[in-house]
Amino acid sequence: MNRTFIILFMAAVAALAATAQTAMPQSQAKELAERINTVASSISTMQCGFEQVKELSILKDRMVSEGTMCYRSPNQLRWEYTSPYAYRFILDGDKVTMDNGRTSNTVDIRSSHMFQEIARIMMGSVTGRCIGEGSDFKAAYYTSPDGGWIVRLTPVKKQLKHMFKDVALHISATTSMVSEIEMTENNGDRTVIRFKDIKINKPLDDSVFKVH
C-alpha cells in the first residue's frame, strides 16, 4: 500500500495544534473521550470535501491537493483526490483498491495482518471513534483558543512509530467531531488535512464504494 495513504488513514482521528494549549484534567479528558466516541458511534455515513497541505522539511516546499471523502459504517471508505491529480483509495469490506485512472490494484486485507490493522484504524479514524483506545496511541487532551479541543496522539505500536512521530487532532466544540488533522512524520514532513462541508447520515449508493 502507498506509504502516504498508510500514514494518512492511520491517523484519521484529527487536528491542528494551536500555539496556546491548556492541558485538561484527567476527569475532563475522560469525559471528552466518551463524548467523542458517543457521537462517532451514531454516525452511519459521512461525506465531506477536504484540503490537504503537505510540507516537506528538506525542500521547504508545500504541496496542496483537494478531494472528497465518503464513509459508511462499518467498513466502507472512499478517499479521492481530484486536484491537482486524480487518485482513488477505496476500502470495501475486506478489499482495498487503489486507482489512478490508468491502473488499478486490489488487495485482500485478510492476507496481511498489517492491512487489517490499517483498515481497522482507518474506520475508527474518519469518525473519531478510536480516540481513547490505548492499544494504538497514547492520547493527551488540551483545550484550544477557538473553544474546541486538541487530542495529541503518540503511536504506541512499533509499526506506527516507524511511520510517524505524532498526530494532532482538532475536535469541533459544536459537533464533537474531527475537523482537522495534522500528522508529523519522523523525518519532519508534515501533512495537514482540513475537512469541509461535512454531511452526516445521508444515504450513500453502493456504487460509491466500487471502482468503475
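Accessible areas here come from the Shrake-Rupley method with a 1.4 Å probe, and for residues only the protein chains shown count as cover. On that basis the protein chain has an accessible surface of about 10300 Å². Carbon and sulfur atoms hold 51% of that surface.

This is a predicted model: local features need pLDDT of at least 70, side-chain atom pairs count only at pLDDT 80 or more, and totals for chains, interfaces and linings use all residues. Residues are numbered from 1 along each chain as its sequence is written, and side-chain values use heavy atoms, with hydrogens and water left out.

The protein chain has four helices and twelve strands. These are DSSP runs (helices H or I, at least four residues; strands E, at least two), numbered from the N terminus. Of the 212 residues, 50% count as buried (under 20% relative accessible area, with exposed over 50% and partly exposed in between; 1.4 Å probe, protein chains only).

Now take helix 2. Residues 26-41 form this helix of 16 residues. Its buried residues are Ala29, Leu32, Ala33, Ile36, Asn37 and Ala40. They lie on the same side of helix 2 because they cover an arc of only 130° around the axis, taken from the directions from the helix axis to the C-beta atoms. Against them pack strand 8 (137-143), strand 9 (149-155) and strand 10 (166-171). The face turned away from the buried side carries the exposed Ser27, Lys30, Thr38 and Ser41.

Confidence comes last. The average pLDDT (the predictor's confidence in each residue, from 0 to 100) is 81 for the protein chain.

Note on methods:
Expected span 1.5 Å × (residues − 1). Contact = heavy atoms within 4.5 Å.
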